[in-house]
Amino acid sequence: MFGLIPKEEKFFKMFQEMGGIIVEGAKELKDMLDHYSDPPASQKRIKDIEHRGDTQTHDIIKKLNKSFITPFDREDIYSLASALDDILDLIDGCAQRLVMYNVENSTPEAKELAFLILKGAEAINKALHVMGGKLEPIAEYCVEVNALENEGDRVCREAISRLFDEEKDPIQLIKWKEIYETLEKATDKCEDAANILESVVVKNA
């Protein structure tokens, strides 16, 4: 059963708001790669979302520093806030690289990785919205995130392998290798957040 201390419940709401911001950023990245109609405009929208995420992260940490009693371990609150911020940073990093490298078109693999990032962000968001209630469903969402990260690894490996097989322009190869790896790192960061959430469940079961 649920074991978090129902003190300073604003933390739950703040994390839930952060989850929504991450999903918004992931949707924007997926839309950017799916349509690729105006990359600079998409990147600006993602940057604006990332700034909102930074503000939310700072607010959570500020709240943590002022709180005497927290609903779960202070270290876990800090780690979770940082891990969630990292997801948005990587989403923004992907968009920045697409514009910085003057990428002209998206690829099926990039679209698939963006889809996996979005699904991971949505699962994390669902887990965050369960906090403050029964903890049992969080474990299911974390398992989903782990599976998505494994799929992201596979897609990234195959994409880079195909690059080395088919891409004749070394500059394009370098660009896309870094873009694929940055996209895959975003799925890693979703897994990092899921691992922290799982740790919170175990500690408070």
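**View 1. Asp-48 and its salt-bridge partner Lys-44 in helix H2 of the predicted model.** At 37% relative accessibility, Asp-48 counts as partly exposed, whereas Lys-44, at 51%, counts as exposed; buried means under 20% relative accessible area, exposed over 50% and partly exposed in between, with a 1.4 Å probe and protein chains only. The two side chains form a salt bridge whose closest N and O atoms are 3.3 Å apart, the term being applied to a side-chain nitrogen of Lys or Arg within 4 Å of a carboxyl oxygen of Asp or Glu. Both residues lie in helix H2, four residues apart, about one turn of the helix; helices (H or I, at least four residues) are DSSP runs numbered from the N terminus. Because this is a predicted model, local features need pLDDT of at least 70 and side-chain atom pairs count only at pLDDT 80 or more, while totals for chains, interfaces and linings use all residues. Residues are numbered from 1 along each chain as its sequence is written, and side-chain values use heavy atoms, with hydrogens and water left out.

**View 2. Packing of helix H2 against helix H3.** Helix H2 (residues 39–66) and helix H3 (residues 74–100) pack at an angle of about 165°, with their axes 9 Å apart, where axes are lines fitted to C-alpha atoms over the stretch in contact and angles run from 0 to 180 degrees between N-to-C directions. The two helices are therefore roughly antiparallel to each other, a description used for angles over 145 degrees. By class, the contact of H2 with H3 has 14 nonpolar, five polar and seven charged residues; Ala, Val, Leu, Ile, Met, Phe, Trp, Tyr, Cys and Pro count as nonpolar, Asp, Glu, Lys and Arg as charged, and the others, Gly among them, as polar.

**View 3. The salt bridge between Glu-178 and Arg-97.** The side chains of these residues meet at 2.7 Å, N to O, and the pair links distant parts of the chain, with Glu-178 in helix H6 (residues 170–203) and Arg-97 in helix H3, 81 residues apart. Glu-178 counts as partly exposed at 27% relative accessibility, as does Arg-97 at 24%.

**View 4. The salt bridge between Glu-109 and Arg-162.** The side chains of Glu-109 and Arg-162 meet at 2.7 Å, N to O; Glu-109 lies in helix H4 (residues 108–130) and Arg-162 in helix H5 (residues 136–166), so the pair ties together parts that are 53 residues apart in sequence. Glu-109 counts as buried at 14% relative accessibility, whereas Arg-162, at 34%, counts as partly exposed.

Methods: Parallel < 35°, antiparallel > 145°, perpendicular 65-115°, else oblique.
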